[in-house]
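Good morning, everyone, and thank you for making time. Please have the sequence and the model open while I talk.

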Amino acid sequence: MSSGFWMMNRYVTSAFFSFLLVFQLVTYTPLTLFPTSVPKAVFLQALAVQTHYNTLVDRISQDSDFLKEALASTIEVDDFTARLFRIYQQILKEGRSQSIVLGLNRSDYMLDQRDDGTSSLKQIEINTIAACFGGLSSRTPDVHRHVLKVAGRLEESQHILDNNPAAGLAQGIAKAWELYGSERAVIVFLVEENPEIFDHRYVEKELWKRNIRSIRRRFDDCFMFLHFNLTHLAGTKKVQQVLARPGVLEKFFPDQPQAVELIRATFAGLYTLDMGPEGDKTVAMALAEPDRFVLKPQREGGGNNIYGSEICQVLEAVKDSTERTAYILMDKIHPAPVHNYLLRRDAPLKMSTCLSELGVFGAYVRRGEDMVMNECVGHLLRTKSSEHSDGGVAAGVAVLDNPLLI
Ligand code: ADP
Ligand code: MG
Ligand code: MG
């Protein structure tokens, strides 16, 4: 490492520490010291496919027959998905599906390293109703530009892109609000016990700019009054696996082979564990080479996936029962590891071998049959130490980062 690096490193850490000493209650968002190189072509590919992913999520959420069939085996054994499905059916029965639909999605990718040294974009999952870190990630580009300048890497500092997902997400919310047609209508942020208030503030601020009021309520305090549209089922891992089957994407894009091609190019290998010969083949494949795969239950929030020898333990226990259908199997993606410093308040500063995950935000609004907005509204790069196979920023494993396009 150059002496410039150490000076800058000392500068950043001492600035942080004095900050913390003076304002005991103030801390910073965990982030990498340096931005991470991302090939420009792959980055642009991820942005280009986002509006098609928005359309896909929207079309799936309206196709109850597809969801019923795709999730049939899973809801028999997975209570969480079964309960979500019951809510979805109830909504259909009550005929409450709104004519104005707002979708905020984030599609997550890792760059799988090929033998020839290039990398290919592979989707990890899609998250529906996903706005997390859309605000804070609009501030980190300036931090990394500054760090690069202090380190004497002026030219590179110009390759850090502006990013403002909060503005685009708020634009979608504002559009839906406007179509709703009541100036008295307020936007409600449904939050859990310890919400990421500072992240939400950015979206709130964008709404206030448009004179739209927002309030924050705990889910438990208002679930009695909520009407859902539940696009959530479209983002389950089981649906992701079913979409990778031959001919399924074509059903959702009958006249758009290019959209099918762009989406399919981002799919990693995904395998069913349904009962039957195909599922049996998946079990045998996973038991023979567990390190090639990730075993995924239908859960969100990081920390639920199963890797390596544990895949064998779990599959040996469930392989002859329908319990195995609660999982899907996925090819493990191998991004090229890079070295970086993960800056966080609760850990000593040390260089780590790191892996990154690129998220792309999309927002859409549909009224009846008309898509009135469908946009890619920003990105989110998160980086974690390679010793953790799983877990996001909220779980305290990954930190925020920025792509340095190369
Ligand atoms: P969740 O909904 O819990 O975020 P993910 O599918 O995103 O579930 O998995 C959580 C984490 O596990 C990801 O952020 C990534 O770090 C890791 N992961 C998931 N799938 C793969 C994969 N196929 N290859 C490598 N790592 C993966
Ligand atoms: Mg998820
Ligand atoms: Mg995830």
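I will go through the domains, then the ligand, and then the annotated residues.

This is a predicted model, in which local features need pLDDT of at least 70 and side-chain atom pairs count only at pLDDT 80 or more, while totals for chains, interfaces and linings use all residues. Residues are numbered from 1 along each chain as its sequence is written, and chains are lettered from A and ligands numbered from 1 in the order in which they are written.

The protein divides into domain 1 (3-268 + 348-405) and domain 2 (269-332), with bounds that come from an automatic or database domain assignment. Their C-alpha centres are 26 Å apart.

Where does ligand 1 lie? Both domain 1 and domain 2 give residues to the shell around ligand 1, so the ligand lies between them. Of the 19 residues around ligand 1, those that come nearest are E125, E300, K332, I333 and D390, where being near requires a C-beta atom, placed from the backbone, within 6 Å of the molecule.

UniProt, in an unreviewed entry, places the feature "binding site" at E125, N127 and E300, although such annotations may be inferred rather than shown by experiment. These residues are spread over 176 residues of sequence, yet they cluster in space, with a largest C-alpha distance of 10.1 Å.

E125 counts as partly exposed because it has 17 C-beta neighbours inside 10 Å, and E300, with 15 such neighbours, also counts as partly exposed.

Note on methods
Buried ≥ 20, exposed ≤ 12 C-beta atoms within 10 Å, placed from the backbone.
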